[in-house]
Amino acid sequence: MAVDIVKMIADELVHLRPDLPVYRENQRGGFQEPSFFVNKITTQIKPNLFGIQARDNHYQVVYFPLATKPNTDMDAMEELLKNNFNRLNSFAYVRDLEFSHSDGALLMMFRVSYRAIPADEGVKQQTIDYQGGLKNG
């Protein structure tokens with residue numbers, strides 16, 4: 001089963017601010033302000049026993065603030081995200097939050113860690129033969 005973590009991030013952002021659009025792809029005409037843009041940065045995979053993998057995915061969320069009061073808007077959004085953006089449903093926790101300002105936008109970088117367990121699609125035991133009874137009875 002494939003997991004769409006970017007969609008989970010977008011769902012959490014929409015939960016926090018339902019009035020703002022969340023973009024996953026670059027927009028030809030530019031981004032509406034205020035809005036969010038979600039971008040995957042890197043993935044690290046560490047193999048474990050039995051095909052299980054420890055996966056670290058690093059993401060960046062860019063917040064494009066209101067043009068009229070960008071610094072005030074970015075500070076308020078940073079506080080909202082620091083206090084409320086800490087878990088993606090019941091899937092995983094958000095780790096290592098880091099905020100910065102660049103080119104008039106708020107950047108939030110973070111890590112989502114989880115264990116990927118391979119699905120066992122093999123045939124399971126379909127029948128059981130049982131011969132039993134009471135001994136000496």
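**Entry 1: F50**

I started with F50, which counts as exposed at 73% relative accessibility. The cut-off I applied for exposed is over 50%. I am working on a predicted model. I then looked up the backbone: F50 has a positive phi of about 60° although it is not a glycine. I placed F50 in the loop between β2 and β3, with β3 spanning 53-64.

**Entry 2: D96**

I turned to D96 next. Its phi is near 55°, again a positive value in a residue other than glycine. I found D96 in strand β5, residues 92-102. Buried or exposed, I asked of D96? D96 is exposed, with a relative accessible area of 53%.

**Entry 3: E33 to P34**

I checked omega for the peptide bond from E33 to P34. That bond is cis, with omega near -5°. I located P34 in the loop between β1 (22-23) and β2 (35-47).

**Entry 4: α1 and α2**

I took the helix pair last. I wanted two values, because two packed helices are described by the angle between their axes and the distance between the axes. For α1 (residues 5-16) and α2 (residues 70-84), I noted axes that come within 11 Å and cross at roughly 115°. I logged the crossing of α1 past α2 as right-handed. Which residues make the contact? I listed E12, L13 and L16 on α1, and L80, L81 and N84 on α2. Sorted by class, I have four nonpolar residues, one polar and one charged in the contact of α1 with α2.

Definitions and conventions
Residues are numbered from 1 along each chain as its sequence is written. This is a predicted model: local features need pLDDT of at least 70, side-chain atom pairs count only at pLDDT 80 or more; totals for chains, interfaces and linings use all residues. Side-chain values use heavy atoms; hydrogens and water are left out. Axes are lines fitted to C-alpha atoms, for helices over the stretch in contact, and angles run from 0 to 180 degrees between N-to-C directions. Helices (H or I, at least four residues) and strands (E, at least two) are DSSP runs, numbered from the N terminus. A crossing is left-handed if the near helix is turned anticlockwise from the far one by less than a right angle, and right-handed if clockwise. Contact means heavy atoms within 4.5 Å. Ala, Val, Leu, Ile, Met, Phe, Trp, Tyr, Cys and Pro count as nonpolar, Asp, Glu, Lys and Arg as charged, and the others, Gly among them, as polar. Buried means under 20% relative accessible area, exposed over 50%, partly exposed in between (1.4 Å probe, protein chains only).
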